[in-house]
Amino acid sequence: MMWKFEIPATARTPAVTFDFAENHLKLTGESYPEDVTEFYKPIFEALDTYLGKLGKGSCRFDIELIYLNSSSAKAVMMLMDKLDAAAANGALIEVFWYYDREDDTMQELGEEFGEDLVNAKFHLEKMAE
């Protein structure tokens with residue numbers, strides 16, 4: 001199994017840092033790729049492979065997005081669904097949604113995502129200044 005899966009940030013896509021050895025996954029930056037499906041497909045595949053082997057283990061997923069468009073929001077929701085399913089199967093999953101303290105929209109979006117998680121633990125956090 002690969003121990004790390006990384007995609008560097010661009011002006012339109014977030015940095016993806018999945019450190020599987022440390023069970024710490026991270027999305028940071030902005031997400032409005034021209035083709036959301038093409039961008040997120042390898043991320044979904046890497047996450048599926050990892051979660052399939054996680055079993056009853058634990059994982060932390062940090063989301064520090066400054067901006068995401070509606071198509072990216074759907075992709076992030078799909079990521080959350082995968083994490084919640086793994087938690088339903090016995091994994092300890094913690095999702096940390098970081099938002100800029102000045103950004104009510106991202107705070108509210110985080111709250112909505114958190115409400116949809118049934119089995120994973122959700123934390124809404126202000127970004128450090």
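In which helix is glutamate 45 found? In this predicted model, glutamate 45 belongs to helix α1, and with a relative accessible area of 43% this residue is partly exposed. Its C-alpha atom is separated by 13 Å from that of valine 16, a residue that stands 29 residues apart from glutamate 45 along the chain. Alanine 46, which also has its place in helix α1, is buried, because its relative accessibility is 3% and buried means under 20%. Between alanine 46 and phenylalanine 5 there are 7.3 Å in space, C-alpha to C-alpha, although the two are 41 residues apart in sequence.

Helix α1 covers residues 36-54 and helix α2 covers residues 70-88, and the two pack at an angle of about 10°, their axes lying 11 Å apart. Angles under 35 degrees count as roughly parallel, and α1 and α2 are therefore roughly parallel to each other. On the side of α1, the contact is made by Val36, Tyr40, Ile43, Phe44, Leu47, Asp48 and Leu51, while α2 contributes Ser71, Ser72, Ala75, Val76, Met78, Leu79, Lys82, Leu83 and Ala86.

The nonpolar side chains lead on to the interior of the model. In soluble globular proteins, nonpolar side chains tend to be buried together. The largest nonpolar core here has 41 residues, and among these Val76 and Ile93 touch the most other members. At least two residues of the core come from each of β1 (4-7), β2 (15-19), β3 (24-31), α1, β4 (58-68), α2, β5 (92-99) and α3 (104-116), and the largest share, ten residues, is supplied by α1. If neighbours within four places in sequence are left aside, isoleucine 93 is in contact with Leu51, Leu54, Cys59, Leu83, Ala86, Ala87, Ala120 and Lys121.

Not counting residues up to four places away in sequence, serine 31 touches Arg12, Pro14, Tyr40, Tyr67, Leu68, Asn69 and Ser72.

Aspartate 19 is found in strand β2 and is buried as well, with a relative accessible area of 17%. A polar atom of its side chain lies 3.3 Å from the backbone nitrogen of alanine 21. Leaving aside neighbours within four places in sequence, aspartate 19 is in contact with Trp3, Lys4, His24 and Leu25.

Methods. Residues are numbered from 1 along each chain as its sequence is written. This is a predicted model: local features need pLDDT of at least 70, side-chain atom pairs count only at pLDDT 80 or more; totals for chains, interfaces and linings use all residues. Side-chain values use heavy atoms; hydrogens and water are left out. Axes are lines fitted to C-alpha atoms, for helices over the stretch in contact, and angles run from 0 to 180 degrees between N-to-C directions. Helices (H or I, at least four residues) and strands (E, at least two) are DSSP runs, numbered from the N terminus. Angles under 35 degrees count as roughly parallel, over 145 as roughly antiparallel, 65 to 115 as roughly perpendicular and the rest as oblique. Contact means heavy atoms within 4.5 Å. A nonpolar core is a set of buried Ala, Val, Leu, Ile, Met, Phe, Trp, Tyr and Cys residues joined through side-chain atoms within 4.5 Å. Buried means under 20% relative accessible area, exposed over 50%, partly exposed in between (1.4 Å probe, protein chains only). A polar contact is a pair of N or O atoms within 3.5 Å; within protein, one must be able to donate a hydrogen and the other to accept it, and residues adjacent in sequence count only if both atoms are side-chain atoms.
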